[in-house]
Amino acid sequence: MELCGVIGIGQTKHDTARTDVSIAGLVREAALRALEDAGLTWSDIEAVVLGKAPDMFEGMMMPELYLADALGAVGKPLLRVHTAGSVGGSTAVVAAHHVQSGRFKRVLTVAYEKQSESNAMWALAPKIPFQQPIVAGAGGYFAPHIREYIRRSGAPSDIGIKVALKDRLNALKNPFAHLRMEGITLEQVAASPVLWDPIRFLECCPSSDGACAMVLASEDVATRNEPAWVLGTAVRSEPLGMAGRDEINPRAGRDCAEAVYAQAGIKDPRNDIDCVEMYVPFSWYEPMWLENLGFTEIGTGWRLTEDGVTALDGDLPVNMSGGVLSSNPIGASGMLRFAEAALQVRGRAGEHQVDGARIGLGHAYGGGSQFFAMWVVSGEKP
Amino acid sequence: MAEETEALSALHVLEYNYTRSVGPVIGRFLTGLRDGELLGIKSSSGKVIFPPVEYDPETAETLIEFAPVGPAGVVTTWAWVSQPRAKHPLQKPFAFALIKPDGADTAILHAVDAGSEEAMKTGMRVRPRWRKERVGFITDIECFEPEP
């Protein structure tokens, strides 16, 4: 397998409604920044891999066809990836495979969502005859899973509030973040209304317009650009309604982590990984995924949050960028996690840089905690 | 043979409202329609693309130089609709046609009200019939009609 390095990273300013640009203009903004970071032009790119959440969100069928001009993809291989909310991550994985296969030397990968033009909430909640309804949107679906996590782990009730405050403070250091709440306090988060017990308003992700793009390159090209080297990639999924399925600690997530650690030579994730950017759309998913990803024993993830281990200056910083809680252009959200991990190990994360970050984990999940994508990146060539 | 069973059946209407931000290029094109003018855009190779596009299909460059075209132009191909449906642009027999406005290098799909199929010809000249109340949408052109 060929080596693959991330040599260009770009994202848009994420916002409630980017009415200044079309969908093409949105993806273009991220793609141009990634190209500029890589020091490349459109003609250098050999293939494009695009990801976004289901077409029904914006009601635009096969948007990759319309976006070919904006992404310089005319006459080149252009592949669309579909894996619900994890799609930004699995899109980056597919792009990495394009390079690792030896077939392409420079691949552009882009993911986006323009939630202001879409109806994600209701597109997730159609009441289809003879099927069990999902209830209203993602929060209604995930709240019972969180309640079950609290029941099993005995976690104190304020862990979610602490996660939310941490991520919102981190977002103040990220100029691209959608929600930047100056002066936010624990009391404000705690006082925000409960939307779906136990999830409070300020423990939820926003609806964002935004895009993320990366340029991935083969060893000979990447070596010149201080890349983030891709040490491992993995994607796993499981059915939504399988009997005996554990939605709180899904097997697909555990298997995905095991696979990506094995590729990257990670024996002890807690010690070997310097920072984690994971998909936390509702605050409580931080402790839940810390356990699912093997950073701590089952039932103890909340202790890492409580002890400040996951803070920006903690022993295992989590969601340095402010995370999904601060910016959620759904289709791009997974890629933003992967891109942040790469930014960190390149030492280019600006104010939210983790000192000395060498190894980073990017994590994305989607559907009903059933689609997982992960990569491990390093600033040092393997 | 399996026993015949009753098939479950229910009406399911799935409907959402979507919005679109059209961006600086399509936005200006639509504003032009409201003002009664047709705008194309110059490509990297100097061709005038109509309706305008944001990015060059050949070089991927951002396109910024608008070029007024037409509004009259030439039918490059057409198909006669003898029995219009409820959602068709005209409720009498008409032609769907590709129309290349003067000064443009590409054509747009629109309706031509020519009265009869015999009056339609590839190469014929047509001009837009503008609506009186215009809102900045493609339907601001009611249809095209033969030039007198």
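**Reading a predicted two-chain model**

Tutor: In this predicted model, strand E1 (residues 38–42) of chain B and E3(B) pair in the antiparallel sense over four bridges.

Student: What makes E1(B) and E3(B) a pair?

Tutor: Two strands pair if there are at least two bridges between them. E1(B) and E3(B) have four, so they meet the cut-off. One position to look at is Ile41(B), which stands opposite Phe66(B) in E3(B).

Student: What is the order of the strands in this sheet of chain B?

Tutor: The order is E2-E1-E3, in an open sheet of three strands with antiparallel pairing.

Student: Why are E2 and E3 of chain B said to stand at the edges?

Tutor: E2 and E3 of chain B each have a single partner strand, so one side of each lacks a neighbour in the sheet.

Student: Which peptide bonds in chain B are cis?

Tutor: One joins Phe50(B) and Pro51(B), with omega about -5°. Another joins Gly70(B) and Pro71(B), with omega about 10°. Most peptide bonds are trans.

Student: Where do Pro51(B) and Pro71(B) lie?

Tutor: Pro51(B) is in the loop between strand E2 (48–49) and strand E3 (66–69) of chain B. Pro71(B) is in the loop between E3 and strand E4 (73–81) of chain B.

Student: Now chain A. How many helices and strands are in it?

Tutor: Chain A has 14 helices and eleven strands.

Student: What share of the residues in chain A is buried, and what share of the contacts links residues 24 or more positions apart?

Tutor: Buried residues are 63% of the 382. Each of these has under 20% relative accessible area. Among contacts with a separation of 6 or more, 77% link residues 24 or more positions apart.

Student: What makes strand E1 of chain A mostly covered?

Tutor: Count its residues, 4–11: eight of the eight are buried.

Student: Which strands of chain A does E1(A) join by bridges?

Tutor: Seven bridges join E1(A) to E7 (residues 209–218), running antiparallel. Two bridges join E1(A) to E8 (residues 228–237), also antiparallel. The cut-off is at least two bridges, so both pairings count.

Student: Which residues stand opposite Gln11(A) and Gly5(A)?

Tutor: Gln11(A) stands opposite Cys212(A) in E7(A). Gly5(A) stands opposite Trp229(A) in E8(A).

Student: What is the phi of Ala84(A), and of Glu226(A)?

Tutor: Phi of Ala84(A) is near 50°. Phi of Glu226(A) is near 45°. Both values are positive, in residues other than glycine. Most residues other than glycine have a negative phi.

Student: Where are Ala84(A) and Glu226(A)?

Tutor: Ala84(A) is in the loop between strand E3 (78–81) and helix H3 (87–100) of chain A. Glu226(A) is in the loop between helix H8 (219–222) and E8 of chain A.

Student: Why is Asn170(A) called buried?

Tutor: Its relative accessible area is 5%, which is under the 20% cut-off, so the label applies. Asn170(A) is in helix H6 (residues 159–171).

Student: Which residues is Asn170(A) in contact with, leaving aside its neighbours within four places in sequence?

Tutor: Asn170(A) is in contact with Leu312(A), Val318(A), Asn319(A), Met320(A), Ser321(A) and Gly322(A). Contact here means heavy atoms within 4.5 Å.

Student: What makes Gly75(A) count as exposed?

Tutor: Its relative accessibility is 83%, and exposed means over 50%, so Gly75(A) qualifies. Gly75(A) is in the loop between helix H2 (63–66) and E3 of chain A.

Student: How many residues apart in sequence are Gly75(A) and Ala47(A), and what is their separation in space?

Tutor: Gly75(A) and Ala47(A) are 28 residues apart in sequence and 9.3 Å apart in space, C-alpha to C-alpha.

Technical notes: Residues are numbered from 1 along each chain as its sequence is written. Chains are lettered from A and ligands numbered from 1 in the order in which they are written. This is a predicted model: local features need pLDDT of at least 70, side-chain atom pairs count only at pLDDT 80 or more; totals for chains, interfaces and linings use all residues. Side-chain values use heavy atoms; hydrogens and water are left out. Buried means under 20% relative accessible area, exposed over 50%, partly exposed in between (1.4 Å probe, protein chains only).
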